[in-house]
Amino acid sequence: MSARITIKDVAARAGVSKGAVSLAFNRKPGVSDATRERIFEAARDLGWAPNQTARSLSSQRVDIIGLALCRPARLLGLEPFYMDFISGIESVLAERSCSLLLRLVRDVDEEIDLYRTWWRSQTIAGAVLVDFEENDPRVPALQAVGLPAVAVGHPSLTGSFPAVWTDDATATAEAVRYLAALGHRRLARVGGPARFGHSAIRAAAFTSTMRELGLEEGRQIATGFDGREGARATRSLLLAANRPTAIIYDNDIMAVAGAGVAAEMGVVVPDDVSLLAWDDSQLCRITHPTLSAMSHDVHHFGAEVSRTLFSLIEGGTQVEALQVPTPTLTPRGSTAPAPRP
């Protein structure tokens, strides 16, 4: 890892003492306006900012982990996956008297800049990276600054960052085979953003398993994981002339929205169409009928991410990728044998 920029580096660049840098950034007397401006310019050039959360400017211990999410605040508050995932992270941080610094960002460029600032200013000890894309620009950018980070995603997407991941391809294939065993020949999938690596993996597994089983090429619709988009996608599928008899959703909030659309259109679940969710939060168990789902322990997933990150930070060397248990099928009331022609 490359060395972090410190107050000592800023002082050397500006030709002053570390004490002068501290005085300048704390707006205290003892340095002239010209010297203060020279110190600020040096800090800007080096990409350094004072750490307001560390115990002192000279402390080398930071008890904060960073997580930036490129999601609308409204969606984050509604999405059960991230609530469970963050609670799993927090469960390990609490054991160590550490904290999570969470920030919502607008795009990947803002995310990269944020992590650079957090790391160079010694605000965080490490980070959790999520929602990987193919050839993700965060990989080279954050490796270059030496940020210790754990990547939530398939190892093929995460570069040299240690990955913690689930086998989405195997889980998707299980979902398709289950519905095919119930006699469904026309399947559809309402997925997440196509740019996300895990969405692409699920899409490819859906297509290949359908082909392997000799089923019709199922329609797939990419969304932003939003309930409204899930409802819109479901409405489009159910209005089609050759509508599917079963739909797989990439998260449970879209599956719940899809069930609402089916009821609105007079399509009976599961007699007319079977619905299968992903993640299996409490939402799946309070709908009527209850939603079948690909279940996995998201809280445990988040906890394993935290443990892997601490192994990386404390060991100072790369750690191995960790595959957590693959999501498994939990049948409930929303799936049934395919309707007769």
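Let's start with two helices. The axes of helix H2 (residues 18–25) and helix H3 (residues 33–46) come within 10 Å and cross at roughly 95 degrees. This is a predicted model, where local features need pLDDT of at least 70, side-chain atom pairs count only at pLDDT 80 or more, and totals for chains, interfaces and linings use all residues. Residues are numbered from 1 along each chain as its sequence is written, and side-chain values use heavy atoms, with hydrogens and water left out.

Some terms. Helices (H or I, at least four residues) and strands (E, at least two) are DSSP runs, numbered from the N terminus. Axes are lines fitted to C-alpha atoms, for helices over the stretch in contact, and angles run from 0 to 180 degrees between N-to-C directions.

So H2 and H3 are roughly perpendicular to each other. On that scale, under 35 degrees is roughly parallel, over 145 roughly antiparallel, 65 to 115 roughly perpendicular, and the rest oblique. Which residues in H2 meet H3? They are Ala-20, Val-21, Ala-24 and Phe-25, against Arg-36, Ile-39, Phe-40 and Ala-43 in H3. Contact here means heavy atoms within 4.5 Å. By class, that contact has seven nonpolar, no polar and one charged residues. Ala, Val, Leu, Ile, Met, Phe, Trp, Tyr, Cys and Pro count as nonpolar, Asp, Glu, Lys and Arg as charged, and the others, Gly among them, as polar.

Next, helix H1 (residues 7–14). H1 and H2 pack at about 100 degrees, axes 8 Å apart. They are therefore roughly perpendicular too. Ile-7, Lys-8, Val-10 and Ala-11 in H1 meet Lys-18, Val-21 and Ser-22 in H2. That contact divides into four nonpolar, one polar and two charged residues.

Now the sheets. Strands pair if DSSP finds at least two bridges between them. Strand E1 (residues 64–69) and strand E3 (residues 126–129) pair over three bridges. Ile-65 has Gly-126 in E3 as its bridge partner.

Strand E8 (residues 246–249) and E9 pair in the parallel sense over three bridges. Ile-248 stands opposite Leu-276 in E9.

Last, the cavities. On a 1 Å grid over the protein atoms alone, a cavity is a set of points where a 1.4 Å probe fits but cannot get out, and lining residues have an atom within 4 Å of a point. Points are joined across faces, edges and corners, and a volume is the space filled by probe spheres set on them. How many cavities of 30 Å³ or more are there? Two. Of its 26 lining residues, Phe-81, Val-152, Asp-168, His-198 and Arg-202 are the closest to its centre. Helix H5 (80–95), helix H9 (197–212) and strand E9 (274–279) each give two or more residues to that lining. H9 gives the largest share, four residues. The lining divides into twelve nonpolar, seven polar and seven charged residues.

Note on methods
1 Å grid on protein atoms, 1.4 Å probe; cavity = no way out; pocket = protein on both sides within 12 Å on 5 of 7 lines; lining within 4 Å.
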